[in-house]
Amino acid sequence: MKKLYATAKLLALFVKELFISSYAVILHIIRPRLAVRPGIFALETELESDWEITLLSCLICLTPGTLTLDVARDSRTLFIHAMDIGDAGLLSQQIKGSFEKAIMEVTRP
Amino acid sequence: MMSNLLLLSLAVLAAAILGCLYRLLKGPTVPDRIAALDTIGVLLLSMIAVLCMLFRTTAYLDIILVIGILTFIGTTALTRYIERGVIIEDGDAEDDR
Amino acid sequence: MIGEMAIGAVVLLGACIGAISAFGLIRLPDIYLRSHAATKSATVGVLLILAAAFLYFLLYLDHVSVKLLLGIVFVFLTAPVAGHLTGRAAYRSGVSLWKGSVRDDLKQEDSSAQGPL
């Protein structure tokens with residue numbers, strides 16, 4: 001029962017992030033002067049199974065201005081292309097804080 | 001009145017597909033073209049949903065599913081092709097790069 | 001009547017978002033940025049249109065369309081995967097980043113651990 005609640009929360013997070021990110025991307029697109037500073041940064045993840053990492057990378061693809069490019073061989077590092085890499089530390093902090101926790105609540109008992 | 005709005009949306013979607021077509025024809029690299037094809041498929045799918053509403057029929061709803069699946073499979077096959085040169089690889093000859 | 005207008009407005013909004021993402025596909029400078037536009041905005045546009053269609057059939061034709069629901073779920077699941085695949089294929093086939101890019105962590109990883117592709 002608790003798991004069901006966590007799954008519903010994860011789904012709601014998915015939808016919310018999708019809307020926020022599309023709004024951010026649209027703002028970037030219709031700005032008259034292109035003000036993006038793209039780049040690729042690495043993210044160490046604590047998740048282990050393939051299933052969790054798949055979920056996390058899908059979620060990252062839906063966050064504002066980030067897109068998973070590659071997963072390292074040891075499946076512990078994700079390479080993420082960010083649209084505006086103002087502060088990579090802040091970005092990865094945010095991903096770790098909200099998404100990993102939400103996914104862990106679903107997959108771990 | 002609603003049909004006017006729907007017709008307008010059809011026109012907007014058609015313009016969007018034309019934009020993607022430009023990227024598909026011009027795109028400097030192959031992945032550009034793949035992304036454009038993917039977007040065209042997705043926009044086509046929504047056009048058919050609008051058409052369903054316009055004609056007040058449920059007959060075309062199957063097409064939405066089929067186009068969605070075909071677009072995704074096409075994208076997957078093309079990306080695998082330009083990545084490794086093969087689409088379906090043998091189980092034995094696994095060269096995980 | 002007003003409900004139909006609202007559904008039409010949602011459809012128009014979705015179409016406009018799709019058009020903006022197509023515009024982004026034309027305008028942005030390299031494949032990675034374009035892939036952002038194609039993945040996110042186009043998905044939202046399509047989801048809005050499909051959800052509006054579902055509501056329309058539910059409210060005005062008394063038809064609960066499972067196919068539309070399946071379509072929504074399918075688009076929602078496959079759009080990020082497709083974006084990831086294009087990005088990865090672009091990187092592995094050696095498309096270079098835009099000149100304004102500021103950072104590339106993957107480059108060192110590739111050259112040190114896996115060798116040139």
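Student: Which residues of chain B does Arg34(C) touch?
Tutor: In this predicted model, Arg34(C) lies in helix 2 (residues 31-60) of chain C. Leaving out residues up to four places away in sequence, its contacts in chain C are Gly24(C), Leu25(C), Leu28(C) and Pro29(C). Those in chain B are Arg23(B), Pro28(B) and Asp32(B).

Student: Is Arg34(C) buried or exposed?
Tutor: The relative accessible area of Arg34(C) is 6%. Buried means under 20%, so with 6% Arg34(C) counts as buried.

Student: How much area do chain B and chain C bury between them?
Tutor: The size of an interface is often given as the accessible area lost when the parts come together. Here 47 residues from chain B and 49 residues from chain C take part in the contact. Met2(B), Met53(B) and Glu83(B) lose the most area in chain B, together 14% of what that side buries. Carbon and sulfur atoms hold 78% of the area buried between the two chains, which is about 4,100 Å².

Student: Which residue of chain C meets Arg56(B) in a salt bridge?
Tutor: The rule finds three salt bridges across the interface of chain B and chain C. In one of them, with 4.0 Å from N to O, the side chain of Arg56(B) meets that of Glu4(C).

Student: Which helix of chain B gives the most to the side that touches chain C?
Tutor: Across this interface there are five residue pairs in polar contact. Helix 1 (2-26), helix 2 (30-55) and helix 3 (61-84) of chain B each supply at least two residues of the side touching chain C. With 15 residues, the one that gives the most is helix 2.

Notes:
Residues numbered from 1 in each chain as written. Chains lettered and ligands numbered in written order. Predicted model: local features only at pLDDT ≥ 70, side-chain atom pairs only at ≥ 80, totals over all residues. Heavy atoms only, no water. Contact = heavy atoms within 4.5 Å. Buried area = accessible area lost by both parts, 1.4 Å probe. Polar contact = N/O pair within 3.5 Å; in protein donor to acceptor, adjacent residues only side chain to side chain. Helix = DSSP H or I, 4+ residues; strand = E, 2+ residues; numbered from the N terminus. Buried < 20%, exposed > 50% of the residue type's maximum accessible area, 1.4 Å probe, protein only.
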